[in-house]
Amino acid sequence: MTTSPSTSALRVHAALFVVAAIYAANYSLAKEVMPRFAHPNGIVVLRVVTAAVVFGLLDKLVTKTPITGRADTIRSILCGISGIGLNQLLFFGGLNLTTPISASLIQTVSPIVVVLASVVLLGERVTLLRAAGIVVAGVGAALVILSRGPAGAAGEQVALGNLLILLNATFFGLYLVLAAPLMKKYHAFTVLARSFLVGAFIVVPFGWHEALAIDYAHLPGRIWADIVYMVVMLTIVAYLLNNWALKYASPALLGVYIYLQPILAVLIAVSLGRDHLTWERAGEGLLIFLGVWLVSQKPKPVAAPVPLEPVPD
């Protein structure tokens, strides 16, 4: 059975919307778990090790083409380091210290990292418009990071958490650039199995003791549901849908759905009473959105010079 182009486009949009909603809900649900019932690195170990086992089994059962060649092998290892290991440790460590809305706003700088990585790795041009966007979004992100909230130690922790989220967004943007060529060449299960295996070797030394220290026997049902959500939906389902969409979605379309995440995160966080939106943070978010939109504007292709025709004598 074949599908029409409109049906395929609808599936891509549906996948990206579901991913945005999964990530948006996690900002508030994770705050219910951390740090009272589990520490961040312990949650990361549960997520990454489970996903490594699941994707490893799916890779063995479904796919027949392993990652081969020195260049692709190095790229897949870098995906595991940037997109799984460092990305997950920084995200949950930062979210544990900051607020859901601040974290979701800072996450939107990922497209800027994608553009900068594309300039370095793929040779794309930086236009004046894109340079202005980088500056504007950088100012917005800096204002969010420096918004410490309460004075004293708590405020210092919020600022540190915001900085960790910025580093997380940086590594995730780098991961998108590194993973895109692999996703077009190999099955998603193959790439994810390799990436999560590498990520597991990174996160286990940091969080194994925290994962064992969780009092599983006395966790409330709601907290169990939150942990299962983070392991199954946030890790396995979201990564599958996101990486599948990388085969078909343009960078501009991915950018639109990255913008959607903080909007959904604000609605969820406010409705659950986990955070509150202020005019100050709304203004900082608008600066980031404006900067990312400017950066996402593709430079116009340079017209080829018109060859000169010989003038007859």
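Which side chain meets that of Lys185 in a salt bridge? In this predicted model, the partner is Asp72, and the N to O distance between the two side chains is 2.7 Å. Lys185 belongs to helix 7, which spans residues 153-185, whereas Asp72 belongs to helix 3, so the pair ties together parts of the chain that are 113 residues apart in sequence. Side chains of opposite charge can pair when their charged atoms come close.

The structure holds 2 salt bridges, and the pair of Glu32 and Arg222 also meets in such a bridge, with an N to O distance of 3.6 Å. Here Glu32 is placed in helix 1 and Arg222 in helix 9, which covers residues 221-245, so that parts 190 residues apart in sequence are tied together by the pair. Arg222 has a relative accessible area of 47% and is therefore partly exposed, since this class lies between the limits of 20% for buried and 50% for exposed residues.

The setting of these pairs is a protein chain with 11 helices and 0 strands, whose elements, followed from the N terminus, are α-α-α-α-α-α-α-α-α-α-α. Of the contacts in the protein chain with a separation of 6 or more, 90% are accounted for by residues 24 or more positions apart.

Part of the surface is taken up by a nonpolar patch formed by Ile74, Ile77, Leu78, Ile81 and Leu86, which together have about 340 Å² of accessible area. Leu86, one of the residues of this patch, is placed in helix 3, which runs over residues 70-97, and Leu86 counts as partly exposed because its relative accessibility is 30%. Helix 3 is also the element in which Asp72, the partner of Lys185, lies.

A further local feature concerns the backbone, where Met34 and Pro35 are joined by a cis peptide bond with an omega of about -10°. Pro35 is found in the loop between helix 1, comprising residues 5-33, and helix 2, comprising residues 40-62. Helix 1, on one side of this loop, is the element that holds Glu32, the salt-bridge partner of Arg222.

How values were computed. Residues are numbered from 1 along each chain as its sequence is written. This is a predicted model: local features need pLDDT of at least 70, side-chain atom pairs count only at pLDDT 80 or more; totals for chains, interfaces and linings use all residues. Side-chain values use heavy atoms; hydrogens and water are left out. Patches are made of residues with over 30% relative accessible area and no salt bridge: like charges are joined within 9 Å, nonpolar side chains (Val, Leu, Ile, Met, Phe, Trp, Tyr) within 5 Å. Accessible areas come from the Shrake-Rupley method with a 1.4 Å probe; for residues, only the protein chains shown count as cover. A salt bridge is a side-chain nitrogen of Lys or Arg within 4 Å of a carboxyl oxygen of Asp or Glu. Helices (H or I, at least four residues) and strands (E, at least two) are DSSP runs, numbered from the N terminus. Buried means under 20% relative accessible area, exposed over 50%, partly exposed in between (1.4 Å probe, protein chains only). Contact means heavy atoms within 4.5 Å.
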